[in-house]
Amino acid sequence: MAQEMSPNTEANGARGDKMSGNDNNHNNYKLPNFNQSVRLKYVKLGYHYLISNFLYLMLVPLMLTVLSSVHVSVHSLQGLVQLSLDLVKYNMVTVFMCMALLVFLGTLYFMSRPRKIYLVNFACYKPDPSRKVSREIFMDRTYRVGAFTQENIDFQKKILERSGLGQDTYFPDALINVPHNPCMDLARKEADLFNPTPSLSAMIVNHYKLRGNILSYNLGGMGCSAGLISIDLAKELLQVHGNTYALVVSTENITQNWYKGNDRSMLLSNCLFRKGGAAILLSNRPTDRRRSKYQLVHTVRTHKGADDKSYSCVYQKEDEDMKIGVSLSKDLMAVAGEALKANITTLGPLVLPVSEQLLFFVTLVARKAFKMKIKPYIPDFKLAIEHFCIHAGGRAVLDELEKNLDLSSWHMEPSRMTLYRFGNTSSSSLWYELAYAEAKGRIKKGHRTWQIAFGSGFKCNSAVWQALKTINPAKEQNPWIDEIDNFPVHVPRLSP
């Protein structure tokens, strides 16, 4: 079984861009302050997940209690003799009922406990050097398109200078060639990965001639968080289908999403999105634990689509000249912040140490029950998480998350360097970030990594992985290995 999940690029393009907008309308590009109140229902949800899994563990002491009630001792010959006498002396029905209960509880425990999900390996796509697009090449192609006013050419130049992207990101052939030719054929040529008919999943099945009984799923319209949505779907499927593999493929196709109009809210995707993709192999086979890199610990998905403002903040439509693009609301950063706050509030009880949960709970009760005017306690996630992979949607969102989660420049390095080197590659960006940490030799056995993704709709999704072994960079093959010694680099706030 394999799951190939393909993000819908129109929706993807919209999400990341607004978060990386220029410095104008500064308040619109800030996340809400996490020190403001948090909603109790998201805290309850996190504890619900915790207790649900905890009940599985409670079956073990219950089984031991039943076992002890039978008074069986077989450590010696005398114990065997005593057992025989007990079987005669006591009510046989009671003994057999206790034994049956023990067998039932044991069977229930082993059949109902969640299967462990392993990440066997993953790979990120590194395009050919001929597809590199420097800022100068980008502006040259933008000018040659001939569809933009001079004012909007200058606007895109300003966005690019403040984007945090470097000189070595990649474009597909259709956008590098002059003139531009964003046709279906070249869109398919873009690694043969995008969201047409037949779907991405069908393309992979055809290319690799996979078996006919494969279960394939194609996810579109999910935005830049599609990668983690795919991981969560694969996890659910692996809980049902034993002795199985799942393949997740995440990509961003930008060939047919080059906006040629002059609506500024739709121009940001041109500046930030770049070519990229990743493939992740998951397994629920216990025998794969030895050769796997990580174990999936938690996934938490937050969807704010019921709120009209959240639903419409990233919206595909035609502009005044009937050119299709994605309209980005000025409320996008605020919406993203609320989704993130809800997500991490749910995740907290699952990963934080008891000391942090206690401080958080006490301040929450003081505020909610006793109406005390004190600031909410923001837990220190660094006590539970060693590595952070935050979607490289743009510089603005990375700046705000660094501040709100109180992260260091070391924690933010994988995200910032991924944005600089590869640009916003949509849902695959999280895997370029994890590959960076591996190439730097930072992943040690037992370390936990938190991936955070955003997407239109509006969604915020998290996945927490635990390393099953220390990753040796000398044995890895990923996009960073041959150039990792050049990083990190200083990324100025303004790069003309």
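**View 1. Helices H5 and H6 pack against each other in this predicted model.** Helix H5, which covers residues 135-145, and helix H6, which covers residues 150-161, pack at an angle of about 160°, and their axes are 11 Å apart. Because angles over 145 degrees count as roughly antiparallel, H5 is described as roughly antiparallel to H6. The contact is made on the H5 side by Arg135, Phe138, Met139, Thr142 and Tyr143, and on the H6 side by Gln150, Ile153, Gln156, Lys157 and Leu160. The crossing in which H5 passes H6 is right-handed.

**View 2. Phenylalanine 138 and its contacts.** Leaving aside residues up to four places away in sequence, phenylalanine 138 touches Val133, Gln156, Leu160, Phe171, Trp258, Asn270, Cys271 and Arg274. Two of these names, Gln156 and Leu160, can also be found among the H6 residues that make the contact with H5.

**View 3. The nonpolar cores.** The largest nonpolar core has 57 residues, and those with the most contacts inside it are Phe138, Phe171, Val351, Trp450, Ile452, Phe454 and Phe458. Helix H13, residues 332-351, gives this core its largest share, which is ten residues.

**View 4. An open sheet of seven strands.** The strands follow one another in the order E4-E5-E1-E6-E11-E10-E9, and their pairing is mixed. Strand E4 (245-252) and strand E9 (387-390) stand at the edges with a single partner strand each, so one side of each has no neighbour in the sheet. From one strand to the next, the twist averages 25°.

**View 5. Strand E11 between its two partners, E6 and E10.** Eight of the nine residues of strand E11, residues 459-467, are buried, so this strand is largely enclosed by the rest of the structure. Strand E6, residues 294-303, pairs with E11 in the antiparallel sense over nine bridges; in this pairing, histidine 303 stands opposite lysine 459, and leucine 296 has tryptophan 465 as its bridge partner in E11. Strand E10, residues 448-455, also pairs with E11 in the antiparallel sense, here over eight bridges, and alanine 453 stands opposite asparagine 461.

**View 6. The hairpin formed by E10 and E11.** Three residues lie between the two strands of this hairpin, and glycine 457, which is in the turn, has a positive phi of about 135°.

Key:
Residues are numbered from 1 along each chain as its sequence is written. This is a predicted model: local features need pLDDT of at least 70, side-chain atom pairs count only at pLDDT 80 or more; totals for chains, interfaces and linings use all residues. Side-chain values use heavy atoms; hydrogens and water are left out. Buried means under 20% relative accessible area, exposed over 50%, partly exposed in between (1.4 Å probe, protein chains only). Helices (H or I, at least four residues) and strands (E, at least two) are DSSP runs, numbered from the N terminus. Two strands pair if DSSP finds at least two bridges between them. A nonpolar core is a set of buried Ala, Val, Leu, Ile, Met, Phe, Trp, Tyr and Cys residues joined through side-chain atoms within 4.5 Å. Contact means heavy atoms within 4.5 Å. Axes are lines fitted to C-alpha atoms, for helices over the stretch in contact, and angles run from 0 to 180 degrees between N-to-C directions. Angles under 35 degrees count as roughly parallel, over 145 as roughly antiparallel, 65 to 115 as roughly perpendicular and the rest as oblique. A crossing is left-handed if the near helix is turned anticlockwise from the far one by less than a right angle, and right-handed if clockwise.
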